[in-house]
Amino acid sequence: MNGVKISAVGHYAPAAILTNEDLEKTLDTSDEWITTRTGMKRRHIAAPDQATSDLCIAAARDALQNGKIATADIDCFIVATSTPDYPFPATACIVAAQLGATGKPAFDMEIACSGFIYGLTMASGLIRAGIYSRVMLIGAESLSKIVDRTDRSTAILFGDGAGAVVLEASAENSFLSSELGADGRRPEMLCLLGGGSRRPFTAESLAAGEQYLRMEGREIFKFAVTKMIESTGIALRNAGLQKSDVNWLIPHQANRRIIDAAAKYLDMPDDKVIVNIEEYGNTSAASIPIALSEALHAGRIKAGDIIVFVGFGGGLSWGAVTWRWA
Ligand code: ACO
């Protein structure tokens, strides 16, 4: 048995909602601009006392309940996030302990919005190599905590949430292929400049806003469309699949126009592309598992369906995974 399948999925989004109309009140922006340029209408925002681990735990519990799986049966916990509770320790350690799994291995993966795609590849590899039988992979973010609410070019884009999947060993293999990549020549294109070892926080760096996410939006846009197309093409080729074999495209939800451009090139009609950007905005590593969870709850995905998961983000980084739903 060296296959892997996803046996449970869940998600969580904080209750508080920030609408385009709310943003109109504090920024020089409009519902019309945000809707036409991004497809976003609302974002869910973590409460002041909610950290990323809290979102992870709620999503993990939803997945465990949906799959009727006991925490004790999970061998390893992975959290993909760029907004951990602390720079260290890993958020996954906190999550595992809170779920009652103290002693189990737990670690974070920090590869921005590509985190879930990288995590899916990593977790599938651990299972197929026979190292673990069940891995919980959570993509989670509290991006509202690192967004400058006065910067209209980023404040409109990001939201909070978490999606969790349980992967387990299986006779049938769902993981068909993966294509991952990174280009770190210009990390500042999309980054949190301050607080790391290169630019530790000082009174000056805080006054300069280095605690906030910054982004070269136009450049990222071009990169995103190119990489979504290229990466999907390579992953399909690696799996021996044609575009016409794909039942569902589940892309990272960064911008409706990026998704539409990639879907058009891949000949994917709207009804085969899972999009929930209107409700959540960009939740980075959480966006793909939340979209998967919602699509499953809506009964859209059936056994045997071929899914392409594809994403891109800070690093810069990108990746696509092809998956046959079990
Ligand atoms: N409201 C109104 N006007 C705005 C806003 C706003 N919220 N934001 C920018 N503008 C203005 C700009 O100032 C500019 O004005 P100008 O022409 O007078 O200079 C104009 O609108 C056009 O700005 P652009 O930046 O060219 O707008 P664009 O169509 O590229 O949309 C956006 C901007 C939405 C950021 C787009 O570039 C984008 O989505 N880029 C990709 C971002 C992304 O995917 N980031 C996440 C990566 S994942 C991760 O790792 C976190």
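F116 and F309 are both buried, where buried means under 20% relative accessible area, exposed over 50% and partly exposed in between (1.4 Å probe, protein chains only). The model is predicted: local features need pLDDT of at least 70, side-chain atom pairs count only at pLDDT 80 or more, and totals for chains, interfaces and linings use all residues. Residues are numbered from 1 along each chain as its sequence is written, and side-chain values use heavy atoms, with hydrogens and water left out.

Four aromatic pairs are found in a search of the whole structure. Rings of Phe, Tyr and Trp (its six-membered ring) pair if their centres lie within 6.5 Å; planes under 30 degrees apart count as stacked, over 60 as edge-to-face and the rest as tilted. Two of the pairs are tabulated below.

| Pair | Centre to centre | Angle between planes | Class |
|---|---|---|---|
| F116 and F309 | 6.4 Å | 70° | edge-to-face |
| F223 and W318 | 6.0 Å | 65° | edge-to-face |

The pair of F116, in helix α5 (residues 115-128), and F309, in strand β12 (residues 306-313), links parts of the chain 193 residues apart. Because F223 belongs to helix α8 (residues 217-239) and W318 to strand β13 (residues 317-324), their pair ties together parts 95 residues apart in sequence. Helices (H or I, at least four residues) and strands (E, at least two) are DSSP runs, numbered from the N terminus.

F223 counts as buried at 13% relative accessibility, and W318 counts as buried at 10%. Together with F312, F223 and W318 form one aromatic cluster.

The charged end of K227 sits over the ring of W318, 4.0 Å from its centre; this term requires NZ of Lys or CZ of Arg within 6 Å of the ring centre and within 35 degrees of the ring normal. K243 lies over the face of Y265, 5.1 Å from the ring centre.
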